[in-house]
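Student: I would like to learn how to read a model of this kind, feature by feature. Could we go through the general ideas and then the case at hand?

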Amino acid sequence: MRSGIIDRYKALPKQVKASVWFLICSFLQRGISVLTTPIFTRLLSTAEYGSYNVFYSWLGIVTLFVSLNLYAGVFGQGLVKFDKERTVFASSLQGLTVTLVFAWTVIYLIFRDFWNNLFSLTTVQMLAMLLLVWTSAIFGFWATEQRVKLSYVKLVVVTLVVSVAKPVIGIIFVVNADDKVTARILGIALVELLCYFGLFVSQMLRGKKFFSARFWKYAVLFNLPLIPHYLSQTVLGSADRIMIEGMVGESEAGIYSLAYSISMIMTLFNTALGYTIGPWAYQKIKDRKAKYIEPIGYTSLVMIACVNILLIVFAPEIIAVFAPPSYHAAIWVIPPVAMSVYFIFAYDLFSQVEFYFEKTKLIMIASVVAALMNILLNYIFIPQYGYVAAGYTTLFCYIVYAFCHYIFMRKICKDYMEGVQIYSRRKLLLLTVIFLTAGFMFMLTYNYIIVRYVLILGLCLATFIKRKMILENLKIILQSRQKEK
């Protein structure tokens, strides 16, 4: 049996093997981070854990302005567009990123007190942030190049080494430090610098081009219009933690961050299904067979709904494993944030049509609307109802986000697909209402353990009874890319 599996794997096309291993890389990065969370929640107080997560929230925002996210979007397209000058393009964009980081570092040092007060960070933490902007860009450039070349072995090795080294070095630094937040940050910065600097040197030596006016101009003009979209997505995913720290406190930010991080683990399933369905859906749209997407979309939504319901059902037990009793209140944040993951996946399904017809302005509009709404609602409700309110503002904003993309998708279908609509409003609404009702119902049983376990038993029995149908649906997803070729 083992040899049969190996033979089937060897027979797979290189593109399929690469897709599998790229997905494994994503699971390694998230998985190892998740497995080590119980260690850090016990080494750090809720306030320290909150400060660390707020640092990373600021890092996501600062990265956009400092590096312009050059390793996302424009770089992948440029590697294909300038395939004969690929190494030169890569080294020149590395050079541009170094220049941007250096310039912003000078600006920071000149106005150091202003920036420290603005972010509520120390000088060491701010310098570490700028270093992490650079090192993450190095890896982003290199990893994208590996994906384009379908060179997955090196990527898996580097990902595994870094994913293991970060928590190991982090634990050593935190245990032996008084300022545990800074120690955790410096541990990550050190690992990335040591592991990624060689990748930077490698790309620079192969390309031998630090400055290219043509490539620098192309990259900046391509990515600048996308900054509002990238910023909106980052704000939508991180503004709540920053605002909780400022309006309520560091401990509350820590409790919320734990619940948010655990809930967002489920986006791994979004990624896995997206890798499978995305290219297949584009082909169906191209072949004018868009209606074949509908049953696959519903099946995928049901699967995403089920895994997130499982997370909601066992939230008290999961929090107990991941953190000490001081974090117990995080159970009340998990349900709304976990439900948000469902709407994130729904957005992915709807946006496939937008991306295919290159309606990026519509994508940007939805992102900006959701992000601004998130900030406004947090500003109104966090002071009144505490950090738990941020979970519900997140859920509401992702509902609006998915709804906007659904409306845009219907318009595009009407204008460019001869009026063929992929999804039924009635079916989507029914599925969504059932999902939300089940999620809130299980949340209401958190203080009634017997009732909750009776409902869990009923859920298990229903799953067992419907096991054949579930397995058939799984086969539909796995075989979706082969059925209509």
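Student: What does the accessible surface of the chain come to, and what percentage of it belongs to carbon and sulfur atoms?

Tutor: Accessible areas are computed by the Shrake-Rupley method with a 1.4 Å probe, and for residues only the protein chains shown count as cover. For this chain the surface comes to about 23100 Å², with 69% belonging to carbon and sulfur atoms. Please keep in mind that this is a predicted model, in which local features need pLDDT of at least 70 and side-chain atom pairs count only at pLDDT 80 or more, while totals for chains, interfaces and linings use all residues. Residues are numbered from 1 along each chain as its sequence is written, and side-chain values use heavy atoms, with hydrogens and water left out.

Student: How many helices and strands are there in the chain, and what percentage of its residues count as buried?

Tutor: Helices (H or I, at least four residues) and strands (E, at least two) are DSSP runs numbered from the N terminus, and here there are 21 helices and 0 strands. A residue is buried under 20% relative accessible area, exposed over 50% and partly exposed in between, again with a 1.4 Å probe and protein chains only; by that rule 50% of the 485 residues are buried.

Student: Which residues of helix 17 are buried, and what do they pack against?

Tutor: An α-helix has 3.6 residues a turn, so residues three or four places apart point the same way. In helix 17 the buried residues are Ile363, Ala366, Ser367, Ala370, Ala371, Asn374, Leu377, Asn378 and Ile382, and these pack against helix 11 (227-247), helix 16 (334-356) and helix 18. Helix 17 (residues 360-385) has 26 residues and spans 36 Å from its first C-alpha to its last, close to the 38 Å expected, where the expected span is 1.5 Å times one less than the number of residues. Helix 17 also bends by about 30° at Asn378, the bend being the angle between axes fitted to the seven residues ending there and the seven starting there. After helix 17 comes Gly386, with a positive phi near 85°.

Student: Where is His405 found, and which residues is His405 in contact with?

Tutor: A contact means heavy atoms within 4.5 Å. His405 is found in helix 18 (residues 388-416), and it counts as buried because its relative accessibility is 0%. Leaving aside neighbours within four places in sequence, His405 is in contact with Tyr347, Phe350, Ser351, Glu354, Ile363 and Ala366.

Student: How many disulfides does a search of the whole structure find?

Tutor: A disulfide is a covalent bond between the sulfur atoms of two cysteines, and the criterion here is a pair of cysteine sulfur atoms within 2.5 Å. The search finds 0 disulfides. Cys397 is buried, at 0% relative accessible area, and Cys413 is buried, at 0% relative accessibility.

Student: How many salt bridges does the search find, and how far apart are N and O in the one between Glu192 and Lys166?

Tutor: Side chains of opposite charge can pair when their charged atoms come close; a salt bridge is counted when a side-chain nitrogen of Lys or Arg lies within 4 Å of a carboxyl oxygen of Asp or Glu. There are 6 salt bridges in the whole structure. In one of them Glu192 meets Lys166 at 2.8 Å, N to O, linking distant parts of the chain, with Glu192 in helix 9 (residues 180-207) and Lys166 in helix 8 (residues 152-175), 26 residues apart. By contrast, Asp415 and Lys411, joined at 2.9 Å, both lie in helix 18, 4 residues apart, about one turn of the helix.
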